[in-house]
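Hi there,

Here is the structure I promised to pass on to you. Have a look at it first, and then read my notes below.

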Amino acid sequence: MNSKKRKKIREEVIDIACRREAENFFYELKDNVQIYKKIRKLDNFKQDKMADKFVAWWELERYAKHPHALILLYENMNQINEFIGSYNPLDGFRQLQIKLILLYKYLEMYEMDK
């Protein structure tokens, strides 16, 4: 196998891995938004305007206007998850709410919230 062919194979493998990771991140955010929306409909859970703003940003597909916003959120997801800690079943909704709030604050900080 010549070196040109090997290089092309390596690039394809990296592209596939990156694509899968990006898809997983996208679907994770999508799932978080859907879960938040379903739980928020219940009367026992307090609404938060910042979390709702992230949900609206997501639902209106503002990431299409700011595709680099997804990269920004992805790069900071470890910090957000460390701040929140592991999910506690008794307070999982509040932890999810905080996650959405922090995601929106990053968007606001870099003026990608419009």
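How much space lies in the largest pocket? About 180 Å³ lies there. A pocket here is an open set of points on a 1 Å grid over the protein atoms alone, where a 1.4 Å probe fits, with protein on both sides within 12 Å along at least five of seven lines; the volume is the space filled by probe spheres set on the points.

Before going on, please note that this is a predicted model, in which local features need pLDDT of at least 70 and side-chain atom pairs count only at pLDDT 80 or more, while totals for chains, interfaces and linings use all residues. Residues are numbered from 1 along each chain as its sequence is written, and side-chain values use heavy atoms, leaving out hydrogens and water.

Back to the pocket: its lining (residues with an atom within 4 Å of a point) includes Cys-18, Phe-25, Leu-70 and Tyr-74. Helix H1 (3-40) gives the most, with 5 residues. Helices are DSSP runs of H or I with at least four residues, numbered from the N terminus. By class, the lining has 8 nonpolar residues, no polar ones and 1 charged. Nonpolar covers Ala, Val, Leu, Ile, Met, Phe, Trp, Tyr, Cys and Pro, charged covers Asp, Glu, Lys and Arg, and the others, Gly among them, are polar.

Now for the helix packing. H3 (residues 67-84) and H4 (residues 92-109) pack at about 140 degrees with axes 10 Å apart; axes are lines fitted to C-alpha atoms over the stretch in contact, and angles run from 0 to 180 degrees between N-to-C directions. That makes H3 oblique to H4 (under 35 degrees is roughly parallel, over 145 roughly antiparallel, 65 to 115 roughly perpendicular, the rest oblique). Their contact (heavy atoms within 4.5 Å) includes Leu-73 of H3 and Leu-102 of H4.

Helix H2 (residues 49-59) also packs with H4, at about 70 degrees with axes 8 Å apart, so the two are roughly perpendicular. Among the residues in contact are Phe-54 of H2 and Tyr-104 of H4.

Enjoy exploring!
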